Amino acid sequence: MQMGKLLGFLLLFSSLCIGFVSADWNILNQKRKNGVGSSLKNYCESWRINVELNNIRGFEVVPEECVEYIKKYMTSSQYKADSERAIEEVILYLSHCCTMKGDGKDAWIFDVDDTLLSTVPYYKKHGFGGRKLNTTSMEAWMGESKAPALEHSFKLFHEIKDRGLKIFLISSRKETLRSPTVDNLIKAGYHGWTSLVLRGLEDEFMEVQTYKSKARQHLTNQGYRIWGIIGDQWSSFEGPSSVKRTFKLPNSIYYLA
Ligand SMILES: *[C@@H]1O[C@H](CO)[C@@H](O)[C@H](O)[C@H]1NC(C)=O
């Protein structure tokens, strides 16, 4: 009896020890194997998600140690999946949101860059957000009209047009880029929008957010009912306006205030 108890106790004790030891050993092992890598990945992922949540605002460059990570994300199937999910939510919303009057005043707003067209090819060649934006070279690139369409948004654009909504493109691009921007959009397969709003000289002194909310106000004054906006920047949604819903697409390369 006593021997049995003792044996049982010993067995229990040793298995606990093994438990502790092996648990300890696992943690140490993991740390040694992935420690630095995984904590940098965690750091960059939390930086990225907080950009999307609009907790991190107004950054001029992606933190140096995260440039590779952001590049990986923005060229990954995860970026595509995240964007497609946003589009699916728009389509779901459209299926029940709106009682359209069919009087030509139902409207939808799109951003242009990194919503309809991708600037990723530019950033691939220019440091992927790790360097301060060089407006001269960015505008020269925009002038070449070769930004590709974002597939998911392309589908949505046509879906919204087919539903009979008027499409307004409100972009922070300059008015001087109108002709290459129109060329680019058409080349990428977009057509049939009602108006492309670009930043005139006087708008360049305003924050993007103010400029965009003024443009929306202008539409509302004209009697348009804005059922939604889809954009990749928080500045596309903020400020006073009577928009039913907003949908944010991922973009962790740059921030337009
Ligand atoms: C910005 O780009 C232009 C055109 O590519 C170039 O001439 C200029 O040196 C660049 N400026 C900076 C600060 O890198």
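Me: Ground rule before we start: two strands count as paired when DSSP finds at least two bridges between them. With that in hand, which residue stands opposite Ala107 in S2?

Reply: That's Lys166. Keep in mind that this is a predicted model.

Me: And how many bridges link S1 and S2?

Reply: Four, in the parallel sense, between S1 (residues 106-110) and S2 (residues 166-174).

Me: What's the strand order in the sheet?

Reply: S3-S2-S1-S4-S5, an open sheet of five strands with parallel pairing.

Me: Which strands stand at the edges, then?

Reply: S3 (195-199) and S5 (246-248). Each has a single partner strand, so one side of each has no neighbour in the sheet.

Me: How much are neighbouring strands turned against each other?

Reply: By 20° on average, ignoring direction.

Me: What percentage of the residues count as buried?

Reply: 29% of the 257 in the chain.

Me: And what share of the contacts with a separation of 6 or more comes from residues 24 or more positions apart?

Reply: Those account for 77%.

Methods: Residues are numbered from 1 along each chain as its sequence is written. This is a predicted model: local features need pLDDT of at least 70, side-chain atom pairs count only at pLDDT 80 or more; totals for chains, interfaces and linings use all residues. Helices (H or I, at least four residues) and strands (E, at least two) are DSSP runs, numbered from the N terminus. Axes are lines fitted to C-alpha atoms, for helices over the stretch in contact, and angles run from 0 to 180 degrees between N-to-C directions. A residue is buried if 20 or more other C-beta atoms lie within 10 Å of its own, exposed if 12 or fewer, and partly exposed in between; C-beta atoms are placed from the backbone. Two residues are in contact if their C-beta atoms, placed from the backbone, lie within 7 Å.
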